[in-house]
Amino acid sequence: DWGIIPRAVFLLTQELNKLVSEHTETSYSIHCSYMQLYNEKISDLLSSNHNRYTFNNDHSLEIHEIVKGKNKGEIYVSGLAEYRVHDPNDVIALLQQGNRNRAIRATELNEVSSRSHAILQLLVEVQTQTENRQKLIRRAKLVDLAGSEKINKNLEISKEQFKELTSINKSLARLGNVIS
């Protein structure tokens with residue numbers, strides 16, 4: 001009954017373990033973070049400062065870009081927690097923890113509709129040794145983005161709900177532009 005993310009992590013760890021068993025000078029690590037974008041504010045879904053019903057934005061995180069050095073152009077979210085994971089079960093546990101913290105509200109079709117875009121990041125780092133005994137580190141980031149909202153024009157909604165729906169879709173459009 002696993003979804004795409006647990007399956008992808010299972011296959012990823014399977015391949016990485018195979019690589020390590022074939023090449024003794026190779027090691028890897030995987031770090032996981034989980035955030036939400038709600039009303040144009042970023043928050044850490046794995047933080048204990050979160051309450052899904054109050055939508056507390058007092059702990060909003062900021063996006064930054066590295067502009068100097070070899071990582072120039074790298075985007076990161078300041079203050080976002082990363083957890084080292086070893087297998088799909090670790091990722092599932094973090095997903096479940098984070099999903100308990102997502103902003104939710106009852107809608108016409110769903111009693112516990114998520115109101116945010118969730119962004120799960122897995123940072124994979126593989127370290128090998130070259131023939132001349134130098135360490136070579138390769139990094140990759142896997143990102144999963146979820147969330148969108150359809151506005152039902154036949155349903156009366158409050159001004160606050162309309163603002164929320166507009167914000168959800170505006171954020172999705174911006175995220176789509178970033179991904180492109």
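**Reading the terms in this structure**

User: Why are α1 and α2 called roughly antiparallel to each other?

Analyst: Their axes meet at an angle of about 150°, and since angles over 145 degrees count as roughly antiparallel (under 35 roughly parallel, 65 to 115 roughly perpendicular, the rest oblique), the pair α1 and α2 is therefore roughly antiparallel. The angle is taken between N-to-C directions on a scale from 0 to 180 degrees, with axes fitted to C-alpha atoms, for helices over the stretch in contact. The axes of α1 and α2 lie 9 Å apart, and α1 passes α2 in a right-handed crossing, the name used if the near helix is turned clockwise from the far one by less than a right angle, with anticlockwise giving left-handed.

This is a predicted model, in which local features need pLDDT of at least 70 and side-chain atom pairs count only at pLDDT 80 or more, while totals for chains, interfaces and linings use all residues. Residues are numbered from 1 along each chain as its sequence is written, and side-chain values use heavy atoms, with hydrogens and water left out.

User: What makes up the chain, in helices and strands?

Analyst: The chain has three helices and nine strands, where helices (H or I, at least four residues) and strands (E, at least two) are DSSP runs numbered from the N terminus. Starting at that end, the elements run α-β-β-β-β-β-α-β-β-β-β-α.

User: How do you know whether L45 is buried or exposed?

Analyst: The relative accessible area of L45 is 0%, so L45 is buried, the word for values under 20%, whereas over 50% is exposed and anything in between is partly exposed (1.4 Å probe, protein chains only). L45 sits in the loop between β2 (41-44) and β3 (62-65), and its C-alpha atom is 9.1 Å from that of L94, although the two are 49 residues apart along the chain. Over the chain of 180 residues, 31% count as buried.

User: Why are A8 and T166 placed in one class or another of accessibility?

Analyst: A8, in helix α1, has a relative accessible area of 36% and is therefore partly exposed. T166, in helix α3 (residues 159-179), also has 36%, so T166 is partly exposed as well. A8 has its C-alpha atom 9.7 Å from that of L142, 134 residues away along the chain, while T166 and N39, 127 residues apart in sequence, are 9.0 Å apart, C-alpha to C-alpha.

User: What makes the contact of E125 and R139 a salt bridge?

Analyst: The nitrogen and oxygen of their side chains are 2.7 Å apart, and the rule asks for a side-chain nitrogen of Lys or Arg within 4 Å of a carboxyl oxygen of Asp or Glu, a rule by which the count comes to one salt bridge. E125 lies in strand β8 (residues 117-129) and R139 in strand β9 (residues 135-146), so the pair ties together parts 14 residues apart in sequence. At 22%, E125 counts as partly exposed, whereas R139, at 56%, counts as exposed.
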